[in-house]
Amino acid sequence: MKSDPIPRPVRAEFLKSAQGIGDSVEESLSEVVFLGRSNVGKSSTINLLANRKNLAKSSATPGKTRLINFFDVGYKWGEEDYTVRFVDLPGFGYAKVSKSMKEIWQKNLVEFIRKRIAIRLFIHLRDARHPHAKIDEEVERYIREFLRPDQRYLTVFTKADKLNQKERGALLRDFPGAILISNTKKSGQERIHREIFRAIFGAEF
Ligand code: GDP
């Protein structure tokens, strides 16, 4: 039994930005991939999870938006230290109509998410106010099609602070297993830490 109920982030480090699988960092650690529409709150969520103000830059930062960004996050859980690699994928567009994956992601990104062995968990960030956005449904269907048995898929709704309690309950009924978070209220991150540890280290809570 661990004395700490929740793994705590204690260190975080930016490693590099890459164009695709070819210039990515070595696959020396298990990876958690963060994906979502532009402006969903992906940078804020990564910063909240890593407990760092400016680790991931917001999509407003020019130049960073088309690249894959790698971070190592060090955790303490009980007496032990763990490191998890966070992978921040470029945000995808706002398209309401059905689009092919080629239009949603460039070829290099499709290759990355399909072929990268180190990926153990996909965290799909979705806006709690637009839970049925077509593009998110398509991305989920697409990734589930090639999800390996050693990979998990987690839906996280951001901006939960914009919903009232009744709406939050309805959303969780629609999406069992999803997690609601608020970056402004800094709530919900513990459940994500647990899911990361379940997926990567087989932890039980
Ligand atoms: P990204 O483009 O997905 O990286 O999104 P950002 O993290 O840059 O966030 C986009 C905007 O949404 C910013 O104005 C954030 O302050 C805001 N935002 C992010 N997360 C939340 C949240 O949980 N609640 C609210 N109310 N706003 C949020």
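View 1. Just past the end of α1, Asn-51 adopts a positive phi of about 60°. Keep in mind that this is a predicted model. The helix leading up to this spot is mostly covered, with eight of its nine residues buried. Those buried α1 residues are Lys-42, Ser-43, Thr-45, Ile-46, Asn-47, Leu-48, Leu-49 and Ala-50.

**View 2. The second largest pocket.** Here we're looking at a pocket with a volume of about 250 Å³. It has 16 lining residues, and the ones closest to the pocket centre are Asn-47, Leu-48, Asn-51, Arg-52 and Lys-186. Two or more lining residues come from each of β1 (8-18), α1 (42-50) and α6 (189-201). Asn-51, one of the residues closest to the centre, is also the one with the positive phi just after α1.

**View 3. What the lining is made of.** Which element gives the most to the lining of the second largest pocket? That would be α1, which puts in four residues.

View 4. Now over to helix α4 (residues 134-146), where Asp-136 sits. Is Asp-136 buried or exposed? Its relative accessible area is 1%, and the cut-off for buried is under 20%, so Asp-136 counts as buried. If you skip the neighbours within four places in sequence, the contacts of Asp-136 are Arg-37, Phe-92, His-124, Leu-125 and Arg-126.

Methods:
Residues numbered from 1 in each chain as written. Predicted model: local features only at pLDDT ≥ 70, side-chain atom pairs only at ≥ 80, totals over all residues. Heavy atoms only, no water. 1 Å grid on protein atoms, 1.4 Å probe; cavity = no way out; pocket = protein on both sides within 12 Å on 5 of 7 lines; lining within 4 Å. Points joined across faces, edges and corners; volume = space filled by probe spheres on them. Buried < 20%, exposed > 50% of the residue type's maximum accessible area, 1.4 Å probe, protein only. Contact = heavy atoms within 4.5 Å.
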